[in-house]
Amino acid sequence: MFILLWYVGFLHLDANHLTSGIPELVRKLKSLQYMRLDHNWLSGTLPTEMGEMLDITYISLNDNSLYGTIPTQFDSMGFLDVRYDNDCLVDMLLVANCCY
């Protein structure tokens, strides 16, 4: 059953009352292309493992309590769109408004 999860390409878990950090299972989905985790209660930093998601083109983390920096690997991913409104994440190349 878990072997099939490695081939998930689309994950949409908005407003599912997810708590704590980005779930470990999500971080291991290497073939993931589109991920939305908006409007949850996620907190903490973005794990560096997320920079290993080589197929990802869209990540939306709006309205959580995430903070820290976006993994530097994201900067080299040409077609990646990362959205993090109302979170305290900072892109080291594009310094965003942050609530520090």
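This is a predicted model: local features need pLDDT of at least 70, side-chain atom pairs count only at pLDDT 80 or more; totals for chains, interfaces and linings use all residues.

Q: Why is Asp14 called buried?
A: Buried means under 20% relative accessible area, exposed over 50%, and partly exposed in between (1.4 Å probe, protein chains only). Asp14 has a relative accessible area of 19%, so the residue is buried. Across the protein chain, buried residues make up 40% of the 100 residues.

Q: What makes the pairing of Asp14 and His12 a polar contact?
A: A polar contact is a pair of N or O atoms within 3.5 Å; within protein, one must be able to donate a hydrogen and the other to accept it, and residues adjacent in sequence count only if both atoms are side-chain atoms. The side chains of Asp14 and His12 are joined at 3.2 Å, so the distance falls within the 3.5 Å limit. A polar atom of the Asp14 side chain also lies 3.1 Å from the backbone nitrogen of Asp38.

Q: Which residues is Asp14 in contact with, leaving aside its neighbours within four places in sequence?
A: Contact means heavy atoms within 4.5 Å. On that basis Asp14 is in contact with Arg36, Leu37, Asp38 and Asn40. Asp14 itself lies in the loop between β1 (10–12) and β2 (19–20).

Q: How do you know that β5 and β7 pair?
A: Strands are DSSP runs (E, at least two residues), as helices are (H or I, at least four), numbered from the N terminus. Two strands pair if DSSP finds at least two bridges between them. Strand β5 (residues 58–60) and β7 have 3 bridges, so they pair, in the parallel sense. Tyr58 has Asp81 in β7 as its bridge partner.

Q: Why are β1 and β7 said to stand at the edges?
A: Four strands form an open sheet in the order β1-β3-β5-β7, with parallel pairing. β1 and β7 (81–83) each have a single partner strand, so one side of each is left without a neighbour in the sheet.

Note on methods
Residues are numbered from 1 along each chain as its sequence is written. Side-chain values use heavy atoms; hydrogens and water are left out.
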